[in-house]
Every structure is written in C-alpha cells, then in structure tokens.
Amino acid sequence: MDNETAETEAIQQVVAAVDRAQRARDAEAFLALFHPDAVWTTAHGRVLVGFDAIAEFTRSVLPGAQGTGDVTYETRHIRFLRPDVAAVKVSQVDHSADGSEGSPLYVMTKQDDGRWLLHVGQNTAVRFDQVPR
C-alpha cells in the first residue's frame, strides 16, 4: 500500500469516527477528533473558535439532539493540499423523516504522532429549493 492510500484510509477512518460519535450522540468521542486550535462552523452558521468553544457547544447540543440518530457521514472527496493537510468533502444525510442533508468540508491536519485531526470544519445545509435540477 502506498503512502497516499494509507493516508486516505486514515482520513476515511476519522470520517467514520465522526459518523459513529454523531449516531451515538457521544460528545467526548466527537471531541477527541479535533485539533486544539480548530475552527468549526455549524450548518446554521455558528462559528466556534478553539477547542473550548467547540467542546462547550458540542456538550450542550449533541447528547440531547433531536431525531432518530440515523444520520450518516461519508467521505466524498479528499484533496491533499500538502502531505500533512487534506481538504475532505463529506456527505451528511439524515435518513429520518425530515431527510435533511449537509455538505461539510473538513480541513484535516496530520499530527506528529500520525493521527489526522479535524482542524477546520464548515458545514452547509443543503437546501433542495436552491439545487438546480
């Protein structure tokens, strides 16, 4: 397995961990995926700067989130900006009755210990009335 394939698989595992943490509404598992200096923008435009702000928000909303928990996160595209920085496009689909979708973009950075962490996240709600047919 070449290095880019190994790094791609490692990044896909982070997205899979996001999926598991969100489905389980496990704030601590989700927060373990973040770089300390992360910047996160929610689908509704709330900007959270730094781990403490992300943690406060996540701990307040994730455990009591509404819905069935049947939301999936799937890697759609990975672009390596440098060997240790990747832009990762994700598909977020709520399979419950409301059927909402999100289109997150994660910027992940590889740490000295080899782990990939979420460094920047921008989620965008998909509005079907705005999508060209």
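Which strand does Thr109 lie in? A few notes on that and the rest, bearing in mind that this is a predicted model.

1. Thr109 sits in strand β6. The residue is buried, at 11% relative accessible area, and its side chain makes a polar contact of 2.9 Å with that of His119. Leaving out residues up to four places away in sequence, Thr109 touches His35, Asp84, Val85, Arg115, Trp116, Leu117 and His119.

2. Next, the core. The largest nonpolar core has 27 residues, and those touching the most other members are Phe34, Trp40, Val88, Tyr106, Met108 and Leu118. At least two residues each come from α1, α2, β1 (34-41), α3 (51-61), β3 (71-82), β4 (85-94), β6 (105-110) and β7 (116-122). Helix α1 gives the largest share, six residues.

3. Setting aside neighbours within four places in sequence, its contacts are Val15, Val18, Trp40, Tyr73, Ala86, Ala87, Val88, Val90, Leu118, Val120 and Gly121. Trp40, Val88 and Leu118 turn up again here, having been listed with Tyr106 among the residues that touch the most other core members.

4. Now the charges. How many salt bridges does the structure hold? There are six. One of them pairs Glu7 with Lys110, with the closest N and O atoms 2.4 Å apart. Glu7 belongs to helix α1 and Lys110 to strand β6, so this pair ties together parts 103 residues apart in sequence. Glu7 is buried at 9% relative accessible area, whereas Lys110 is partly exposed at 29%.

5. Another salt bridge joins Arg23 and Asp19, the closest N and O atoms being 3.0 Å apart. Both are in helix α1, and because they are four residues apart, about one helical turn separates them.

6. Glu74 is partly exposed at 42% relative accessible area. Arg76 has 53% relative accessibility and the cut-off for exposed is over 50%, so Arg76 counts as exposed.

7. Last, a backbone point to look at: Arg25. Its phi is near 55°, a positive value in a residue other than glycine. Most residues other than glycine have a negative phi. Arg25 lies in the loop between α1 (3-24) and α2 (27-31), and is partly exposed at 21% relative accessible area.

Notes: Residues are numbered from 1 along each chain as its sequence is written. This is a predicted model: local features need pLDDT of at least 70, side-chain atom pairs count only at pLDDT 80 or more; totals for chains, interfaces and linings use all residues. Side-chain values use heavy atoms; hydrogens and water are left out. Buried means under 20% relative accessible area, exposed over 50%, partly exposed in between (1.4 Å probe, protein chains only). A nonpolar core is a set of buried Ala, Val, Leu, Ile, Met, Phe, Trp, Tyr and Cys residues joined through side-chain atoms within 4.5 Å. Contact means heavy atoms within 4.5 Å. A polar contact is a pair of N or O atoms within 3.5 Å; within protein, one must be able to donate a hydrogen and the other to accept it, and residues adjacent in sequence count only if both atoms are side-chain atoms. A salt bridge is a side-chain nitrogen of Lys or Arg within 4 Å of a carboxyl oxygen of Asp or Glu.
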